[in-house]
Amino acid sequence: MYFDAASTAPLHPVARQALTAALDEGWADPARLYRSGRQARMLLDAARETVAAVLGARADEIAFTASGTQAVQLGLLGALAGNRRRGGRLVHSAVEHSSVLHVAERHSAGGGEVSVVPVDRGGRVDPAAFGALLRPDTALAALQSANHEVGTVQPVGEVAELCAAAGVPLLVDAAQSAGRVDVPAGWSLLTASAHKWGGPPGVGVLAVRKGVRYSSPLPADEREGGRVPGYVNVPAIVAAAASLRAVRAGAEQENARLHALVERIRARVPQLVPEVEVVGDPVRRLPHIVTFSCLYVDGEVLLTELDRAGFAVSSGSSCTSSTLTPSHVLAAMGVLTEGNVRVSLPYGTAEADVERFLAVLPDLVAGVRAPLGLDLPAPAAATEEGSALLVVDALGKRCPLPVIELAKRIGEVPQGGTVAVLADDEAARLDIPAWCEMRGHEYAGEAPAADYGGDRGSAYLVIRRTT
């Protein structure tokens, strides 16, 4: 069962049909004047019109790129360059896609200024907080339409009004929402990615409103309005446009069906699996994404077990990424970064598939936790007569092990007592406060591990507040 549509959706049947036809009819260079070139040009123009209509843009505002990531990067760099006389500040939310973060890092390294807007525990920005950072020297603001890891929908309309009042262009990354829901109003630049809605990979969309200052960061090229150099893949673009139109036409009915299935997962997973937190905004969210975190679970192990059971899902856990760093989205939200599972349902997901997922998940989580001894009753040492300070040495252990050790031993201190967890894994800095929030304990901050007998790392201080 493929439950990872947020990464890439299966190719839509309409896209497959359009691609096959366009390979025969649209293979020539659309810039040429001979018959086959004119035919390819007509197909390309028709695809551009279709995409523009769905996204609420003019056809001459649409440029096709090689990916959604490239669209974001070109959009950011071009708008920053076009507005450099205004200033050098970029404002973006803390949960943007990595393509935004990488441009921000480059911009900062080049002498620009970057301001990051925090999010609440549901992953949503506060429009007032966003607006407070829109100073006169702000060249560009960026806000995703909906989050790619937890599905939270952002208040783009409200932020867009604030940006317009401040005269700041707003780039909206609509990769996860385009085709599924209405495109939010008020954007200056918009980006999207075809393979997210069931189009072929290798097609991104960059829309730039007329009147928005934009200067291409790349050498000049006559194609795609001078914004994207190189030869365009006409057959893939035609297939992307055809599938976008088909998906959008059936979105209302399919969204309602998927929303009900996701709501079932959100409600039943905490009932079936102990020590689970469903993350993301429970109401203002995309219809097909649900994310939850399991305490005391290695995310990579759990995903492997789910794969063996026939379910393809994703995770924001640090152990499932190539960089072994915690998800910046989950970290910004202040939720657990380990044991994280993202389920994103593709179009056509059957109710029986969701029921089977809910049937196998509890045993799989229990199996992953079993070697840790967490199914056992609380130890007799968990009494109020324990010492007021306990040092837990988790140095050299990767998360979630420091959190697991904390959970096992916090009962050894009385209420009001302190546990100092010694750890040198950076993820502990995020996961231990998140665990405290979930379990009702107080996170008292961080201190040098040397103060508690450690030779490296940090001491994370937890005050026991619950029984």
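In what follows, a residue counts as buried when its relative accessible area is under 20%, as exposed when that area is over 50%, and as partly exposed in between, with a 1.4 Å probe and protein chains only. The structure is a predicted model, in which local features need pLDDT of at least 70 and side-chain atom pairs count only at pLDDT 80 or more, while totals for chains, interfaces and linings use all residues. Residues are numbered from 1 along each chain as its sequence is written, and side-chain values use heavy atoms, with hydrogens and water left out.

Because D4 lies in the segment before α1 and R342 in strand β10 (residues 340–344), the pair ties together parts that are 338 residues apart in sequence; helices (H or I, at least four residues) and strands (E, at least two) are DSSP runs numbered from the N terminus. D4 counts as buried because its relative accessibility is 12%, and R342 is buried as well, with a relative accessible area of 8%.

Rings of Phe, Tyr and Trp (its six-membered ring) pair if their centres lie within 6.5 Å, and planes under 30 degrees apart count as stacked, over 60 as edge-to-face and the rest as tilted. By this rule the count comes to three aromatic pairs. One of them is the tilted pair of F3 and F311, with 5.6 Å from centre to centre and 45° between the planes, and this pair links distant parts of the chain, since F3 sits in the segment before α1 (13–25) and F311 in the loop between α9 (299–308) and α10 (328–333), 308 residues apart. F311 also pairs with F357 in an edge-to-face arrangement, at 5.4 Å centre to centre and 70° between the planes. As F357 belongs to helix α11 (residues 351–369) and F311 to the loop between α9 and α10, this pair ties together parts that are 46 residues apart in sequence. F311 is buried because its relative accessible area is 1%, and F357 counts as buried at 0%.

Elsewhere, salt bridges that share partners join R89, E113, R135 and D137 into one network, and the side chains of D60 and R58 meet at 2.7 Å, N to O. D60 counts as partly exposed at 40% relative accessibility, as does R58 at 45%. A search of the whole structure finds 28 salt bridges.

Two separations between C-alpha atoms complete the picture. V95, found in the loop between β2 (89–93) and α4 (98–109), counts as buried at 1% relative accessibility, and its C-alpha atom is separated by 16 Å from that of R284, 189 residues apart along the chain. G373, found in the loop between α11 and β11 (389–393), is 154 residues from P219 in sequence and 60 Å apart from P219 in space, C-alpha to C-alpha.

Conventions: Salt bridge = Lys/Arg side-chain N within 4 Å of Asp/Glu carboxyl O.
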